[in-house]
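Please study the sequence and the model shown below. The questions that follow concern the meeting of two chains and some local features.

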Amino acid sequence: MPKGHFVGELELYVLLAILHLEADAYGVRIRQEIEERTGRDVAIGAVYATLGRLDDKGLVRFDLTDPQPIAGGRSKKIFALTAPGRRALEHSTEMLSRMMRGVALRPARGRAR
Amino acid sequence: MIPTPHVPAWARVLIGLIAGRADREDLLVNLEEGAARLAETQCADAARRWCRSQVLRSLLPLLGRRVTGPGGPAPAVRGVGLDVRYALRSLSASRGFASAVVLMLTLGLAAHTVVYAVVDAMVLRPLPFGDRSSRLVTVHSVHPTLAEDWNDAGVSYPDLVDFRSATTLESLEAVAERDVSVSSGPETERVSAASVTPGLLPMLGVAPVMGRPFALGDAAEPGFEQVILLGHSLWQSLYGADPNVVGKPALLNGRQLTVIGVLPPGFSFPEDQQLYLPYRGRDTAGRGNRGLLAVGLIAAGFSRDQNLGELRALAGDLARRHPDTNRDWSVQTHPIRTYFVSGSDATLMLIAVSALLLLVSANVAGLVVARGLARERELGVRAALGAGRGRLVRLLTVEVLVLAAVSTASAILAARWGLGAFLAWTPEPPPYWAQPGVDWRVTLFASAVAGGVAMLAGLMPALRLTRVEQFRAFSKHTAGLS
């Protein structure tokens with residue numbers, strides 16, 4: 001696997017959010033999905049910058065929806081993983097779980113989550 | 001425009017400026033959707049707050065994406081960084097070439113910077129008289145028998161009083177320079193002073209920083225004045241910057257007067273005067289005694305030509321009424337700047353040093369070509385390894401740019417010193433408001449000129465050296481090697 005296909009943390013979140021959202025995977029929903037699942041309040045600009053990077057690497061692609069049915073309504077970009085995107089995601093999660101194997105993480109003190 | 005009622009206009013503008021073209025619209029559509037949902041489920045205020053926080057926190061990641069993304073400057077900047085590092089290494093290997101170029105460029109740029117600083121001060125920099133600068137004129141008497149270039153003769157006091165009736169003038173005041181001895185206690189100084197009509201300083205927009213200005217009642221014939229205003233530097237040197245100087249006595253040519261105020265730092269008029277006396281002409285003064293420098297403020301809405309026309313009509317009237325003293329005497333006016341500084345001389349000098357700088361550029365270009373020919377083999381290898389012409393041109397140009405940057409820094413230091421020497425040498429120092437200095441404007445201009453010179457001396461030879469046929473020579477050199 002080429003070096004460029006390792007993904008960073010936010011990239012990983014974005015890829016996973018796209019998989020969760022399927023046909024609903026567009027900017028503000030991806031941001032919301034990450035926030036709901038991780039509790040992390042990501043700026044929408046950071047999501048767009050990440051989507052742009054993933055697009056450069058060929059890991060995601062997008063289709064334009066039909067314009068919204070209101071005056072001056074615009075299309076939205078709906079994102080999906082490409083085949084290399086899926087492979088990169090599998091690879092990254094696989095590497096992560098391999099690294100995790102045999103490591104006992106102590107629960108953070110005083111926090112029950 | 002996309003309808004985004006929940007996204008404030010400033011946020012739309014910011015996103016438009018910072019987000020890449022591909023993301024701009026989609027980002028706004030999505031922001032709007034997020035904000036609209038919040039407005040529906042919570043309130044309009046929550047939507048506004050969310051939108052503000054989202055946009056502000058998005059600026060940095062979006063900017064980062066613009067810089068590092070495709071088409072952003074980061075890849076090109078990285079390339080130039082490499083070139084600069086390579087240029088430094090290769091220049092340190094040929095110190096003779098580098099120091100010759102730096103020396104030539106430093107001298108050329110320093111001379112150019114000194115003269116530009118003078119031109120900037122005399123011609124380009126705005127005058128310190130605020131919005132009235134363009135309406136201030138000096139008024140002079142002219143006579144057909146006077147030489148044509150003698151156009152700065154003064155005005156007599158009675159004529160001045162008559163010229164004040166001109167409706168195209170807001171005010172007309174006068175100043176006469178004189179030297180006086182002034183002492184406070186044991187200290188005595190010979191200073192250059194000015195007798196001014198009481199309205200002159202207010203007309204120039206100058207008020208004392210301490211004490212009061214001249215009142216009409218202060219005006220007196222020379223030798224009968226009761227009060228003086230001190231220039232800031234005389235106040236410091238003679239009175240040790242005494243904060244209670246107002247009301248103190250000053251001995252002027254042996255006669256005791258009272259200090260009524262101190263003028264702002266830096267101010268002096270018409271040249272380097274540091275002491276001001278309130279002036280009124282002698283009642284017996286003749287019209288033929290044309291010794292005052294008259295300064296007028298043209299009334300708003302009138303042109304200099306209209307004003308000159310009216311003054312000439314008045315002068316014609318005076319010539320008829322007082323033929324003994326005023327026959328054939330007329331009037332000329334000059335914008336205040338051109339009266340004090342001859343911008344044309346300085347501009348000519350700038351043209352001359354610009355020509356000098358061109359010669360320097362040509363010499364440097366010659367050196368660069370010579371060095372490039374010596375490096376033909378290296379350039380050939382680079383070309384053979386796939387460096388395009390653009391890449392080679394950049395490599396050669398960056399070397400000269402690096403040298404130009406070093407030269408600019410040393411030229412600006414040299415110019416500061418050179419300007420001091422120039423001002424010490426010049427017989428008539430310019431008035432305080434036209435004092436040249438190497439400030440940020442001059443520095444910026446010098447850097448721009450240096451950039452232009454570097455492009456001229458680096459780019460031209462680089463384009464020449466990297467012509468395709470140059471590399472034929474390389475294949476000739478290396479034919480026997482393979």
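A salt bridge is a side-chain nitrogen of Lys or Arg within 4 Å of a carboxyl oxygen of Asp or Glu. The model is predicted, so local features need pLDDT of at least 70 and side-chain atom pairs count only at pLDDT 80 or more, while totals for chains, interfaces and linings use all residues. Residues are numbered from 1 along each chain as its sequence is written, chains are lettered from A and ligands numbered from 1 in the order in which they are written, and side-chain values use heavy atoms, with hydrogens and water left out.

Q: How many salt bridges are there between chain A and chain B?
A: One salt bridge joins the side chains of Glu33(B) and Lys76(A), at 2.6 Å from N to O. The count between chain A and chain B is 4.

Q: How much area do chain A and chain B bury between them?
A: Contact means heavy atoms within 4.5 Å, and 24 residues of chain A are in contact with 22 residues of chain B. Buried area is the accessible area (1.4 Å probe) that two parts lose on being put together, summed over both. Carbon and sulfur atoms hold 50% of the buried total, which is about 1900 Å².

Q: Which residues of chain B does Arg125(B) contact, leaving aside its neighbours within four places in sequence?
A: Helices (H or I, at least four residues) and strands (E, at least two) are DSSP runs, numbered from the N terminus. Arg125(B) lies in the loop between helix 5 (95–124) and strand 1 (136–142) of chain B. Arg441(B) is 316 residues from Arg125(B) in sequence, but their C-alpha atoms are 9.7 Å apart in space. The contacts of Arg125(B) are Asp120(B), Arg337(B), Trp433(B), Gln435(B), Pro436(B), Gly437(B) and Arg441(B).

Q: Is the peptide bond from Phe269(B) to Pro270(B) cis or trans?
A: Most peptide bonds are trans. Pro270(B) lies in the loop between strand 7 (255–262) and strand 8 (275–278) of chain B. The bond from Phe269(B) to Pro270(B) has omega near 0 degrees and is cis.

Q: What is the phi of Ala241(B)?
A: Most residues other than glycine have a negative phi. Ala241(B) is placed in the loop between helix 8 (232–239) and strand 6 (249–252) of chain B. Although Ala241(B) is not a glycine, its phi is positive, at about 55 degrees.
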